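I opened this model today to look up a few local details, and I am keeping these notes as I go.

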Amino acid sequence: MELIKRLENANELEYARIVYDYFIEVADNPLESFDDWIRRQLTDSCSELNHDFQLFAFDSLGNPIDHSGLLKDVRIAKTDFLLTLECAKEISMMQQGKRGDAVRKYFIDISNQVEEVEEIEEIYKDNDEITTEDIQAIVFKDKKADEDNLKPGDSFGAN
């Protein structure tokens, strides 16, 4: 899935903007600024400052403003948000439309695969000849084969 690949290859400070860019392309209001969008998402998801995300502020020269500077008369030129991966996942799953549906389906599929691995591990827990890696390879290989057969525009794709 395109969004997941973008997140896997990014650092944590990029998560918020990656999720924004991914969903704003097809949003009802594509003119909504990043700051307005992310603040609305964080509020709607009941995310907590310093638990689910951190706020960073920068002056007009790009210098970071520490939290004590936020209380002073310092002009903030840019804010950025450091999201946990769980927070980025939650915000992604809240989105509407085809991309939101695809993200929810993706995470449900992953959750089901993890449950399947755990069930098989329980069955074979006393068998020294089969490893967790063997079980994961079987479960995830079947799913990977399904994904490889998708064509552009299929429901699991980037739309």
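Which strands does helix α3 lie across, and at about what angle does α3 run to β3? I note before answering that the model is predicted. Helix α3, residues 34-44, lies across β1 and β3, and its direction is at about 35° to that of β3.

Entry on the sheet. I looked up the strand order and found an open sheet of three strands, arranged β2-β1-β3 with antiparallel pairing. The edge strands are β2 (64-65) and β3, each of which pairs on one side only. Between β1 (residues 53-58) and β3 I find six bridges, the two strands running antiparallel, and for Gln54 the bridge partner in β3 is Leu82. I then checked how covered β3 (residues 78-83) is, and I record that five of its six residues are buried.

Entry on Gln95. I next went to Gln95, which sits in the loop between α5 (85-94) and α6 (97-123). Is Gln95 buried or exposed? I write it down as buried, because its relative accessible area is 9% and the cut-off for buried is under 20%. For its side chain I looked up the polar surroundings, and a polar atom of the Gln95 side chain lies 2.8 Å from the backbone oxygen of Ile91. Leaving aside residues up to four places away in sequence, I list the residues that Gln95 touches as Phe23, Trp37, Gln41, Gly100 and Arg104.

Methods:
Residues numbered from 1 in each chain as written. Predicted model: local features only at pLDDT ≥ 70, side-chain atom pairs only at ≥ 80, totals over all residues. Heavy atoms only, no water. Helix = DSSP H or I, 4+ residues; strand = E, 2+ residues; numbered from the N terminus. Buried < 20%, exposed > 50% of the residue type's maximum accessible area, 1.4 Å probe, protein only. Polar contact = N/O pair within 3.5 Å; in protein donor to acceptor, adjacent residues only side chain to side chain. Contact = heavy atoms within 4.5 Å. Pairing = 2+ DSSP bridges. Axes fitted to C-alpha atoms, helices over the stretch in contact; angles between N-to-C directions.
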